[in-house]
Structure formats: structure tokens, C-alpha cells
Amino acid sequence: MNQTPALVRVFAYLSLLTIGGGMSAFPEMKILTVEVHKWLTFPQLIHLYSVGQMAPGPNMMMIVPIGEWAGGVLGAIVVVLAFFGPTAVLTFIVGRLWNKLEKWPWRRSIQQGLAPVSIGLLLAGCFTMAKGAIFGLETATIAVVVLLLLLNYKMNAALLILVGAFIGVLSFTP
Amino acid sequence: MSETDTTLVLPRKADTALVQAGVSIGQIFLEFLVIGATSFGGVVPYLRGSLVIKRHWIDDKEFVEMLSISQSLPGLNASNMAILVGEKLRGAMGSVAAITGICLPGAVIMYVVGMFYRSHGDHVWVTAGLKGVAAAAVGMILSTVVGLSKKALTNKFDFVFMVLTVIAVNRLHQSVPRTLIAVGLLAILFHRPRKERKESVGP
């Protein structure tokens with residue numbers, strides 16, 4: 001079955017939810033790609049998201065493999081266009097209007113009001129992911145140590161995730 | 001781009017002088033292509049290093065302003081910044097060049113990673129490593145949440161709005177648009193303009 005229209009719909013919709021960061025769209029990405037369309041499994045989604053954090057550039061390029069699995073090369077291209085197109089147009093328009101909006105008192109209200117909601121969305125995405133990624137003392141320890149290191153030292157996040165991979169191999173290889 | 005970007009503080013003022021005019025579309029594409037290929041662990045410091053410090057295409061004040069727009073709108077910081085900087089330098093074509101450049105390397109890398117994962121994803125070492133990777137990613141996202149909270153949550157009601165959002169999505173299984181409309185509107189109304197209008201009347 002041709003998945004292209006569904007890929008466009010799903011990823012254009014998800015792109016509009018990425019307020020605060022890509023993680024904000026994660027709960028609905030799980031519902032749509034895993035439960036509704038069954039393009040991949042929940043563990044696969046978690047793996048792709050996590051590995052994608054090590055790649056350079058925008059941190060949601062893990063959508064490319066989802067598009068490729070569901071619809072081949074065309075699927076991969078379609079997914080990128082659908083995911084970056086709508087928000088790109090929106091940002092372009094708002095960017096041009098931004099200075100004119102400076103005098104509008106609600107601009108500040110909207111920014112201040114959206115800040116706690118976008119942080120909540122990130123946290124909700126994080127909890128959804130943690131349900132599949134944290135399942136014992138080892139994984140919980142890795143997450144806490146990474147959190148503490150990033151909060152207290154200026155470290156490269158991609159490097160820490162790579163270290164996580166080595167620790168994973170050491171602790172989970174039978 | 002990593003979600004940890006936003007937790008970074010800008011260390012020092014860069015040269016605000018000499019914002020170059022007449023940057024070509026090709027130069028924009030190439031510069032963003034390099035950023036897209038090298039920005040491991042978070043795009044924002046690389047963007048600043050390249051656009052503000054090395055090229056002087058924008059100054060620090062513009063950079064912070066653009067970052068604040070990028071964070072308020074849907075879309076990733078990396079791609080929104082590319083759109084805004086591209087637009088400033090060369091209009092719509094500049095935006096297209098910048099976002100294409102910054103997306104291309106990561107997209108190609110993840111395409112290859114995806115094919116490798118599909119054929120070798122069930123290898124014992126790979127599954128073991130991925131468990132560590134996923135756990136580390138959870139820690140990374142949490143650090144972003146903490147970093148953003150320190151900067152953006154200014155009073156206790158902001159914490160309430162944040163918690164309400166989490167409950168709506170995780171516990172009540174509400175969609176993000178519904179949550180945004182309900183909690184977002186509440187929060188925006190809470191932060192509604194008050195008395196500032198009197199001050200902003202003057203020229």
C-alpha cells in the first residue's frame with residue numbers, strides 16, 4: 001500500500017507540535033507511527049530517537065529512517081519536506097512580522113505563557129520515552145549520571161550518549 | 001540539533017561590528033552545510049561560532065533575538081534559526097539555501113544509520129548498546145528541561161502550568177494541540193499585558 005499520503009499527513013502534523021523541541025512531539029509520534037500506522041515498534045522508535053541525538057544538524061533526523069522503512073527513498077524525502085516545510089514557512093512569516101509585533105503588548109504575554117507549556121511538553125515527551133528506555137537500576141543510573149554531568153559541566157551531549165552506548169554494551173551483553 | 005542547546009549561556013560578546021552585506025546564496029548554503037555536518041552535540045554553539053564570530057553575518061544581539069523567536073515557534077531551533085538567518089541575508093532564497101544546507105548531512109547520515117539498524121538492529125551488541133544510548137538520551141532531555149526551567153519559569157504559577165501540561169499529555173492522554181489550547185491560553189492570559197500599556201504609549 002502506498003504510504004506517502006499518510007507520511008505527509010503524520011509528519012506535517014507532528015512538525016507543528018515541536019514547540020520547545022523535537023521531544024514535544026514524541027508522545028503523539030509514538031501513537032501515530034507505532035500504534036496507528038505500525039511503521040515501526042516502540043523500542044525501534046526509542047532507538048532511532050536516541051541514536052539521532054548523536055547525528056549533527058537538526059536533532060530530529062531520525063524521521064528519515066521511518067520514512068525510508070515505510071516508503072523507500074521517496075518516503076524519506078517526503079518525510080523531511082513534510083516535517084520541515086510547514087514550520088519553515090511559519091517561521092519565515094513570523095520572522096518578517098516580528099519587529100512590527102514589538103509594540104504589540106501580547107507578544108510578550110504569548111512568549112511568557114508558552115514557555116512553561118513548552119517545557120511541560122518536553123517533560124511529557126521525556127516521560128513517554130523513559131517508560132520504554134528506563135527499566136532497571138543500570139538504565140536509571142546512566143540517565144541520572146548523564147543528567148548530572150550535563151547540568152554541572154560543559155560537556156558534549158553527543159559524546160555522552162556515545163559513552164552510554166559503551167556502558168550499554170558492557171552491562172547488557174549476555 | 002540537540003535539545004541541550006538552549007541551556008547554553010553565551011559566554012562573551014562577539015564583535016558586533018561589520019555585519020556583512022552581499023552574501024551569496026552559495027556561501028549561505030555552504031556555511032550551513034558545514035554547520036549541519038559538524039554540529040555534534042547541539043547546533044546553537046556551532047551556529048553562533050560560525051555566523052556571529054567567524055563570518056560576522058549577524059551580531060550577538062540579533063542572534064539572541066532570533067533564538068528567542070525560534071524557541072517560541074513550532075519547529076526545531078536549528079531549522080528555525082536557518083530560516084531566520086537565511087531570510088535576513090538573502091530573503092526567501094537565503095532561507096531555502098540555509099535550511100537545505102543544515103538538514104542535508106544529518107539526513108544522509110540517518111538514512112545510512114537506518115539501513116544499518118534495520119539489518120543489524122537485532123545483533124546482541126547493538127541491542128545492548130542501544131539500551132545505554134536510550135537511557136543516556138533520557139538524561140540529556142531532562143538536563144534540557146532543567147536548564148530551560150531555570151531560565152524561563154519565573155514564578156510558581158509557571159510551575160503549575162508546566163505540571164498541568166505534563167498531566168494533560170501523560171495522564172489524561174490529551175493531544176498536544178488540545179493541551180496547548182487549554183493550558184497555553186490559561187498561561188497566556190495569566191501573563192496578559194498589565195499596565196505596561198501606559199508606559200508604551202509614548203513615542
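## Chain B: fold

Chain B runs α-α-α-α-α-α-α-α along its sequence. That comes to eight helices and zero strands. Helices (H or I, at least four residues) and strands (E, at least two) are DSSP runs, numbered from the N terminus. This is a predicted model, in which local features need pLDDT of at least 70 and side-chain atom pairs count only at pLDDT 80 or more, while totals for chains, interfaces and linings use all residues. Residues are numbered from 1 along each chain as its sequence is written, and chains are lettered from A and ligands numbered from 1 in the order in which they are written.

Of the 203 residues in chain B, 48% are buried. A residue is buried if 20 or more other C-beta atoms lie within 10 Å of its own, exposed if 12 or fewer, and partly exposed in between, with C-beta atoms placed from the backbone. Contact means that the C-beta atoms of two residues, placed from the backbone, lie within 7 Å. Take the contacts in chain B between residues at least 6 apart in sequence: 63% of them join residues at least 24 apart.

B:Ala182 sits in helix α7 of chain B. B:Ala182 counts as partly exposed, because it has 15 C-beta neighbours inside 10 Å. B:Lys54 is 128 residues away from B:Ala182 in sequence, and the two lie 44 Å apart in space, C-alpha to C-alpha.

## Chain A: fold

Chain A has seven helices and zero strands. From the N terminus on, its elements run α-α-α-α-α-α-α. The C-alpha trace of chain A spans about 60 × 50 × 25 Å along its principal axes. Buried residues account for 55% of the 174 residues in chain A. Among contacts in chain A between residues at least 6 apart in sequence, those that join residues at least 24 apart make up 58%.

A:Arg107 lies in helix α5 of chain A. A:Arg107 is partly exposed, because 16 other C-beta atoms lie within 10 Å. Leaving aside residues up to four places away in sequence, A:Arg107 touches A:Leu101 and A:Glu102. A:Ala140 is 33 residues from A:Arg107 along the chain, and their C-alpha atoms are separated by 40 Å.

## Helix packing in chain A

Helix α1 (residues 4-15) of chain A packs on helix α4 (residues 63-97) of chain A at an angle of about 40°, with the axes 8 Å apart. α1(A) is therefore oblique to α4(A). Axes are lines fitted to C-alpha atoms, for helices over the stretch in contact, and angles run from 0 to 180 degrees between N-to-C directions. Angles under 35 degrees count as roughly parallel, over 145 as roughly antiparallel, 65 to 115 as roughly perpendicular and the rest as oblique. The crossing of α1(A) past α4(A) is right-handed. A crossing is left-handed if the near helix is turned anticlockwise from the far one by less than a right angle, and right-handed if clockwise.

Helix α2 (residues 26-36) of chain A has these buried residues: A:Phe26, A:Pro27, A:Glu28, A:Met29, A:Lys30 and A:Thr33. They pack against α1, α3 (42-52), α4 and α5 (105-133) of chain A, together with α6 and α7 of chain B. Just after α2(A), A:Lys38 has a positive phi of about 55°.

## Where the chains meet

The contact takes 89 residues from chain A and 85 residues from chain B. On the chain B side, α5(B) gives the largest share, 24 residues. That side divides into 51 nonpolar, 26 polar and eight charged residues. Here Ala, Val, Leu, Ile, Met, Phe, Trp, Tyr, Cys and Pro count as nonpolar, Asp, Glu, Lys and Arg as charged, and the others, Gly among them, as polar.

The axes of α4(A) and α4(B) cross at roughly 160° and come within 10 Å. The two helices are therefore roughly antiparallel to each other. α4(A) passes α4(B) in a right-handed crossing. Their contact has 17 nonpolar, seven polar and three charged residues.

## The nonpolar core

The largest nonpolar core has 112 residues. Such a core is a set of buried Ala, Val, Leu, Ile, Met, Phe, Trp, Tyr and Cys residues joined through C-beta atoms within 7 Å. The residues with the most contacts inside it include A:Ile63, A:Val79, B:Val85 and B:Ala136. B:Ala136 touches A:Ile142, A:Ala143, A:Val146, A:Leu160, A:Ile161 and A:Gly164, not counting residues up to four places away in sequence.
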